[in-house]
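Keep the structure open while you read.

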Amino acid sequence: MNFTTSLRDSYAGAPLPLHLITPLDFRSIEALPASHRWPDPPGPDQSEQPVPLVSLGSPQAAKILNHACREWGVFQLTGHDISLGLLEDVVCHARRLFELPLAVKTRALRSASGGTGYGMARMSRFFDKFMWHEGFTIMDCCSLGQDARALWPQDYIPFCDTIQKYQNKMKKLCQLITQLILDSLGLSPTDFVEWSNPGTASTALQLNYYPPCPDPAHAMGLAPHTDTLSFTVLHQDRCAGGLEILKGGTGWVPAAPLARGALVVILGDLVHILSNGAYASVVHRARVPETGDRISVAYFYGPSMDLEITPVAVEGEEQRFRSVTVKDYVKLKEKYFNDALSQLAAS
Ligand SMILES: C=C1C[C@]23C[C@@]1(O)CC[C@H]2[C@@]12CCC[C@@](C)(C(=O)O1)[C@H]2[C@@H]3C(=O)O
Ligand SMILES: O=C(O)CCC(=O)C(=O)O
Ligand SMILES: [Fe+2]
């Protein structure tokens, strides 16, 4: 029998120790501890260059998307059909979750070999300092029900309903974005079926929380990284003090939403491989806000774990990466993190 690996299963072989899963009890801290103090993270670049804006339905959308994917690896997205009400609801539920006492949140702690639940970002083990961040990862409705019940035994249904509604809307939006990206690379409708089959797509939803910090200038919300799957659709609850992207030749550029409801689409490693390196898998990080807290909601989207990705052939250009299945790439990323792409370089 042929069993398909899910994103969730793919973490089972790489258990993490508890001290790399359980976050600090941020509310009990009055000064930034040495464990969370980063040696002078450089501030954002002051460049006026804004992240390109793709407005779905506009006649310019395809052209701007093509430019944004090549030059930036990120774009703002408006004209989508995710209502402000739903975006606000999901942030409200995330806030309700992160405001619970640590002892309650740890009832839904990610297990050592699990991919879902409450805890530090998976990538924490690649850094010698801890991040000023706590997260909650959701991959399927079965684990969601279990975790939500552990958090709110009497009242878990509204959380599950909102998350499910958000996941459904995001999945449809991501199919559309996949179609636009594949079209812009000149791929065919057959490729689209493989890359965006809603039944087998690899998806994860991550609620990110950056608590109020006593010394934000020396703390790091999420350290520099690239996202693994095709792309990530990010909703941010504030228009300042958060996501920054590393733009070649410029430095760190802030990528706060241009307007309420504008989403930010961050290209990931799989699209970089597919495009033979033409589309940037953008390095990004999250800073800690100067005042108050910050919430972001990240939806990660990619094809089936069994899909084999071969870079598109471009005349006169060498193939930069070996073909790889999604599940093997996820394993490479787990092992080599930010060096995973170079491990895949065609010799
Ligand atoms: C699908 C996923 C992407 C992610 C790993 C995960 O399985 C779920 C959590 C995601 C996240 C969020 C914070 C940054 C990141 C690098 C991490 O450690 O966990 C991403 C992962 C990723 O894109 O590789
Ligand atoms: O919170 C943010 O702005 C960034 C989140 C992010 O990069 C992620 O969840 O992978
Ligand atoms: Fe990210």
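**Ligand 2**

The model is predicted. Start with ligand 2, which has 13 residues around it. The closest are Asn208, Leu243, Ala286, Ser296 and Ala298. Four strands, S5 (202–210), S7 (231–236), S11 (284–286) and S12 (294–302), each give at least two residues to this shell. The top contributor is S7, with 3 residues. By class, the shell around ligand 2 holds 5 nonpolar, 7 polar and 1 charged residues.

**Ligand 1**

Ligand 1 is surrounded by 15 residues. Arg122, Met123, Ala204, Asp227 and Thr228 are the closest. Here S5 and strand S6 (222–225) each supply at least two residues. The shell around ligand 1 divides into 7 nonpolar, 5 polar and 3 charged residues.

**The eight-stranded sheet**

What is the strand order in the open sheet of 8 strands? It runs S1-S2-S10-S7-S12-S5-S4-S3, and the pairing is mixed. Strand S1 (53–55) and strand S3 (117–119) are the edge strands, each pairing on one side only. From one strand to the next, the twist averages 25°.

Look at the S1 end. S1 pairs with strand S2 (residues 74–78) in the parallel sense, over 3 bridges. Ser55 stands opposite Thr78 in S2.

H2 touches strand S4 (134–138), S5, S7 and S12. The direction of H2 makes about 115° with that of S12. H5 touches S4, S5, S7, strand S10 (263–267) and S12. The direction of H5 makes about 130° with that of S7.

**The four-stranded sheet**

A further open sheet has 4 strands in the order S6-S11-S8-S9, with antiparallel pairing. S6 and strand S9 (251–254) stand at its edges with a single partner strand each, so one side of each has no neighbour in the sheet. Neighbouring strands here are turned by 20° against each other on average, direction ignored.

Within this sheet, strand S8 (residues 243–247) and S11 pair in the antiparallel sense over 3 bridges. Ile245 has His284 of S11 as its bridge partner.

Strands of a sheet pair through backbone hydrogen bonds, either parallel or antiparallel.

**Helix packing**

| Helix pair | Angle between axes | Axis distance |
|---|---|---|
| H2 (residues 84–98) and H5 (residues 157–184) | about 135° | 10 Å apart |
| H1 (residues 61–71) and H5 | roughly 80° | within 10 Å |

Take H2 and H5, which pack at an angle of about 135°. That angle makes H2 oblique to H5. H2 passes H5 in a left-handed crossing. On the H2 side, the contact is made by Leu86, Asp89, Val90 and His93. On the H5 side, Phe159, Thr162, Lys165, Tyr166 and Lys169 take part. The residues of this contact divide into 4 nonpolar, 2 polar and 3 charged.

Now H1 and H5. Are these helices roughly parallel or roughly perpendicular to each other? Their axes cross at roughly 80°, and H1 and H5 are therefore roughly perpendicular. Ala62, Leu65, Asn66 and Cys69 in H1 meet Leu180, Ile181, Asp183 and Ser184 in H5. By class, the residues of the contact of H1 with H5 are 5 nonpolar, 2 polar and 1 charged.

**Tying it together**

S5 gives at least two residues to the shell around ligand 2. S5 also supplies at least two to the shell around ligand 1. S7 gives the most to the ligand 2 shell, and H5 touches S7 where H5 packs on the sheet.

Terms used
Residues are numbered from 1 along each chain as its sequence is written. Chains are lettered from A and ligands numbered from 1 in the order in which they are written. This is a predicted model: local features need pLDDT of at least 70, side-chain atom pairs count only at pLDDT 80 or more; totals for chains, interfaces and linings use all residues. A residue is near a molecule or strand if its C-beta atom, placed from the backbone, lies within 6 Å of it. Ala, Val, Leu, Ile, Met, Phe, Trp, Tyr, Cys and Pro count as nonpolar, Asp, Glu, Lys and Arg as charged, and the others, Gly among them, as polar. Axes are lines fitted to C-alpha atoms, for helices over the stretch in contact, and angles run from 0 to 180 degrees between N-to-C directions. Angles under 35 degrees count as roughly parallel, over 145 as roughly antiparallel, 65 to 115 as roughly perpendicular and the rest as oblique. A crossing is left-handed if the near helix is turned anticlockwise from the far one by less than a right angle, and right-handed if clockwise. Two residues are in contact if their C-beta atoms, placed from the backbone, lie within 7 Å. Two strands pair if DSSP finds at least two bridges between them.
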